[in-house]
Structure formats: C-alpha cells, structure tokens
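Subject: Structure handover

Hello,

I am passing a structure on to you, together with notes on what was found in it. Please look at the structure before you read the notes.

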Amino acid sequence: MNLKSEYKPFYIYQPGTTLGPYGWPPELRPEYSHFPVWDHWPVNQAPTDGRYALFPDRFASAAVMSPDPKALIQGSGSAKVLFLVRPDKAISGGPCLLDRSWLQPAAVTITSGDFTAKFEPSQRAYVLVRKLLAQRIQSRG
C-alpha cells in the first residue's frame with residue numbers, strides 16, 4: 001500500500017502468521033469504499049452498534065488486513081502473540097535487519113560467570129540467569 005505520509009509503517013510477524021482481509025468475510029460497499037469501513041467509537045463519538053458505514057455522513061475507520069498470528073501457548077493454557085509494528089522515516093539497513101535480529105537473533109557466548117542465556121522475543125533481548133539461582137527456583141517448584 002502506498003501511503004503518502006513520510007512515516008511508513010511496517011509489521012514483522014512470527015513465522016506461521018497468515019494475513020487476510022479484516023472482518024472476514026468483509027462486507028464491502030464499492031460505491032462508498034474499497035475497504036471494510038465502520039462508523040463506530042472511538043473514531044465517531046456517536047453511539048452506534050458498530051455498523052458498517054453506509055454513507056459518508058460521519059467519521060469512519062477502515063481496516064485493510066488482519067493478521068492471524070501463530071499463538072505461543074503458555075503453560076497455563078493462555079496464548080501469547082508477538083509481532084512488531086513500527087512507523088518510521090528510515091531504518092538503518094531496512095526492516096529486514098530488524099526482522100532477522102528479532103526472529104533469528106545472533107548467538108550469544110558467555111565468556112565468564114555461571115549464566116545461561118535465553119532470547120526473549122517480547123523484550124527483543126537476551127535474558128541472563130545465574131545457573132545457581134535457576135537451580136534453586138526449579139527445586140522449589
């Protein structure tokens with residue numbers, strides 16, 4: 001999509017994510033818009049039931065696509081979904097470098113101390129844990 005803003009948004013999803021039209025199956029009204037359009041809160045302060053916009057008589061919002069990300073199932077049965085979104089003027093090296101640094105982080109080598117390292121995607125960082133502390137936590141569990 002060619003946006004006129006100097007800021008260009010991009011999304012980075014985890015492998016396995018599929019993209020499709022928002023609100024599938026979309027209810028389109030080509031005489032009004034090429035995209036599914038709603039005239040509901042918070043865009044429009046008038047109370048509505050979230051109807052599709054029928055006329056250009058109110059502020060409206062549109063959605064072009066919707067991700068169906070691969071959920072990471074947690075031990076409690078809950079799901080956690082991660083993706084990056086960023087509007088930016090320019091990114092050094094482009095979105096591909098950010099993509100790789102998050103989805104395929106560089107290996108880490110610990111040269112001293114008794115630590116383990118695990119990449120935590122939600123923080124975009126390696127988390128270091130002292131092995132003795134990790135053993136104590138596991139023995140309490």
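The notes below go from the whole chain to single residues.

Please keep in mind that this is a predicted model.

Overall make-up

The chain has 141 residues, and 16% of them are buried. Its secondary structure consists of two helices and ten strands. Read from the N terminus, the order of the elements is β-β-β-β-β-β-β-β-α-β-β-α.

Four residues separate strand 9 from strand 10, and the two form a hairpin.

Arg124 deserves a look of its own. Its phi is positive, at about 50°, although the residue is not a glycine. Arg124 is called partly exposed because its relative accessibility is 45%, which falls between the limits of 20% for buried and 50% for exposed.

Ile12 belongs to strand 1, residues 8–13. Is Ile12 buried or exposed? Ile12 is buried, because its relative accessible area is 3% and the limit for buried is under 20%. Ile12 and Trp102 are 90 residues apart along the sequence, yet the distance from C-alpha to C-alpha is 9.0 Å.

A nonpolar patch on the surface

Four residues, Tyr11, Val81, Phe83 and Val85, make up a nonpolar patch on the surface. Together they have about 350 Å² of accessible area. One of them, Phe83, sits in strand 8, which spans residues 83–88. Phe83 has a relative accessible area of 37%, so it counts as partly exposed. Patch residues need over 30% relative accessible area, and the 37% of Phe83 is in keeping with that.

The cavity

How many cavities of 30 Å³ or more does a search of the whole structure find? The search finds one. The volume of the largest cavity is about 30 Å³. Its lining is formed by Glu27, Leu28, Arg29, Tyr32, Ser33, Phe35, Val37, Tyr52 and Ala53.

Regards

How values were computed:
Residues are numbered from 1 along each chain as its sequence is written. This is a predicted model: local features need pLDDT of at least 70, side-chain atom pairs count only at pLDDT 80 or more; totals for chains, interfaces and linings use all residues. Side-chain values use heavy atoms; hydrogens and water are left out. Patches are made of residues with over 30% relative accessible area and no salt bridge: like charges are joined within 9 Å, nonpolar side chains (Val, Leu, Ile, Met, Phe, Trp, Tyr) within 5 Å. Accessible areas come from the Shrake-Rupley method with a 1.4 Å probe; for residues, only the protein chains shown count as cover. A salt bridge is a side-chain nitrogen of Lys or Arg within 4 Å of a carboxyl oxygen of Asp or Glu. Buried means under 20% relative accessible area, exposed over 50%, partly exposed in between (1.4 Å probe, protein chains only). Two strands pair if DSSP finds at least two bridges between them. On a 1 Å grid over the protein atoms alone, a cavity is a set of points where a 1.4 Å probe fits but cannot get out, and a pocket is an open set with protein on both sides within 12 Å along at least five of seven lines; lining residues have an atom within 4 Å of a point. Grid points are joined across faces, edges and corners, and a volume is the space filled by probe spheres set on the points.
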